[in-house]
Amino acid sequence: MKEKNKVASKGLLYSDKFLLIFSIVVAVVFWGVVKVNYSEKISKNFSDITVTFDNILKDTDYVPYISDDVAVTVTVSGKSYNVGNTSLSKDSIIVEPVNTFVDSTGYKYVSLSARFVDNAASSGVEITKVTPSSIKVYFDREATDSFNVVAKLSNKLSSLVEGDYVVGQPVPSVNVMEITGPATVINSISEVYFEATVDQADIPLTLSKELPATISFGLESEELNSFLTYEAFDEQKNPATVNIPVYVTKDVPTEVKFVGQPAMYSDTSPSYSVSPSKVSVTYNPQDIQQIESFSVGTIDFRTLDNKVNKFTYTVDETMSTSLVDKELKEFTVSVDMSKMSSMTLETVPSKVVISGKAEGYNYSAKINEASFLDKIKIIGPSESLANITVDDIQIEINVSDIDVENEQMKVLEITNISIPSADIDDCWVYGSCNATVTVTEE
């Protein structure tokens, strides 16, 4: 048996196929030994490494601020086998300042050094260069504050429209922003600006337009801008924009609204005049409801006597937002009821309707003598007044304002005095009156 094994081994040694495979294996092993131990050194660069400041900020409240364009590259050297180690990457390297002490605000040049996170993983590799070897860093305490946002257009507003169109005040997509950054820089900011430009191809504007905006802080240094952080703006969901409102100007007649009118005047208003009789207004051309007139105020029929009634309405802020003439201060209204007659009832009406009562309480109303309700003045055509008696008058009082737990008596204005007769549709009660309401538990 041994003799057979010897013969087989001897035959294997003289086999051409075996000798070829054996030679290849030996060559590969020899090449690997030479490659690992005798190959020349090579260099490799790892770019975009972030500088770590932990080693110099342990005993200070100053924060480092670096320009966005600072990119640190570390060059390593070693045998190709070690440098090409797949476990070696830029994450294997830490770049940090060298012994920098910070105790004041401002720019400082700091030298950089680099080291490996894990020396075992970087065995046979050495760091030969850090580029740049030093960087300019701004140090300051961190602060956060809120600022008003102002829309800022590079175009002149007057150049954006033509004809009857006018431009309103541009509006930013947010009104207030919270900004974080170097305290010195934060303290120098007065407002945040949303800057935008209308493309010349879109001019003249005939509709309101929303534009993408860039954010600025009124700082001279662009680098200082880059040190500031704020709520992120997403281009799709939450973009920073400026809205340019565009309005149309139109001349429309002025008018007043009447309330408390008898049925005859429900569809047709009494004769009146407004000065000025026309005004120029602005409105959004995209509004479904277009402006056909301008209401200067409301007139309650209780204030209309049988004469030429005069009213003055001051232009308020709500009106001025749509009026072109910002110098206009007031409107005067004249309502001519001089052709009407009047009559006075000497008896207190018996029809008293009390609404808004609390459950479990009784209410009684006494007409105040000082209010002269016992001398009710009614205005209307003489032929209609001739048919009115005290039984046609109804008094309405809403008592919901009485705190029944703490108030047993209260003077209230009579809500309405009406003539609910179906046969009398052109007369109304002039003036307002009070009643003393007494509350008792049931």
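**Salt bridges and a sheet**

Mentor: This is a predicted model. In it, a salt bridge joins the side chains of R302 and E413, at 4.0 Å from N to O.

Trainee: Where do R302 and E413 sit in the chain?

Mentor: R302 lies in the loop between β19 (294–300) and β20, and E413 in strand β27 (residues 409–413). They are 111 residues apart, so the pair links distant parts of the chain.

Trainee: Which residues make up the network there?

Mentor: D300, R302 and E413, through salt bridges that share partners. The side chains of R302 and D300 meet at 3.3 Å, N to O.

Trainee: How many salt bridges does the structure hold?

Mentor: Eight. One of them pairs the side chains of E96 and R115, at 2.8 Å from N to O. E96 is in strand β4 (residues 93–97) and R115 in strand β5 (residues 106–116), 19 residues apart. E96 is buried at 12% relative accessible area, while R115 is partly exposed at 40%.

Trainee: Now the sheet. What order do the three strands have?

Mentor: β17-β21-β20, an open sheet with antiparallel pairing. β17 (272–275) and β20 (308–314) are the edges; each has a single partner strand, so one side of each has no neighbour in the sheet. The twist averages 15° from one strand to the next.

Trainee: How many bridges join β17 to β21?

Mentor: Four. V274 stands opposite V333 in β21.

Note on methods
Residues numbered from 1 in each chain as written. Predicted model: local features only at pLDDT ≥ 70, side-chain atom pairs only at ≥ 80, totals over all residues. Heavy atoms only, no water. Pairing = 2+ DSSP bridges. Helix = DSSP H or I, 4+ residues; strand = E, 2+ residues; numbered from the N terminus. Axes fitted to C-alpha atoms, helices over the stretch in contact; angles between N-to-C directions. Buried < 20%, exposed > 50% of the residue type's maximum accessible area, 1.4 Å probe, protein only.
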